[in-house]
Amino acid sequence: MTTPPPFAPRLSPETPLRRAITAATRIAEPAAIRPLLTAATLPEADRQAIADTARTLIEALRAKARHKGNLGGVQALVQEFALSSHEGVALMCL
């Protein structure tokens, strides 16, 4: 890395994170995506736990809907969880 000229001093100290960001500037997309995909992949146990939780929530909503007048699955979800909430958005993404 070059030394900045005296009229343009470095705004923040050089840190390992800053060096990594600078090194990643203008790299090819396939090279940038590879480590991100690895980092974003959940272990199988976590994926299974997430699926189990989603299944339990959906089954509970369906059972509740049957008692309330037989709303459809999506209608029951929208009625139970507002789309402006994190839970509503997460369930709609499943």
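A salt bridge is defined here as a side-chain nitrogen of Lys or Arg within 4 Å of a carboxyl oxygen of Asp or Glu. This is a predicted model, in which local features need pLDDT of at least 70 and side-chain atom pairs count only at pLDDT 80 or more, while totals for chains, interfaces and linings use all residues. Residues are numbered from 1 along each chain as its sequence is written, and side-chain values use heavy atoms, with hydrogens and water left out.

**Whole chain.** Of the 94 residues, 7% count as buried (buried is under 20% relative accessible area, exposed over 50%, partly exposed in between, with a 1.4 Å probe and protein chains only). The accessible surface comes to about 8,000 Å², and carbon and sulfur atoms account for 63% of it; areas follow the Shrake-Rupley method with a 1.4 Å probe, and for residues only the protein chains shown count as cover.

**Helix 3, residues 44–68.** Select Arg47 and Glu44 next: their side chains meet in a salt bridge, at 3.9 Å from N to O. Both lie in helix 3, three residues apart, about one turn of the helix. Glu44 is exposed, at a relative accessible area of 52%. Then move to Asp52 and Arg55, whose closest N and O atoms are 3.1 Å apart in a salt bridge. This pair also lies in helix 3 with a spacing of three residues. Asp52 is partly exposed at 33% relative accessibility, and Arg55 is partly exposed at 42%. A search of the whole structure finds two salt bridges.

Select Arg26, in the loop between helix 1 (16–23) and helix 2. Its phi is near 60°, a positive value in a residue other than glycine. Arg26 is exposed, with a relative accessible area of 81%.

**Helix 2, residues 29–40.** Ile33 lies in this helix and counts as partly exposed because its relative accessibility is 33%. Among helix 2's twelve residues, the count of buried residues is zero.

**Helix 4, residues 73–80.** Finish at Gln79, which lies in this helix and is exposed at 57% relative accessibility. Gln79 and Ala65 are 14 residues apart in sequence and 9.8 Å apart in space, C-alpha to C-alpha.

Technical notes
Helix = DSSP H or I, 4+ residues; strand = E, 2+ residues; numbered from the N terminus.
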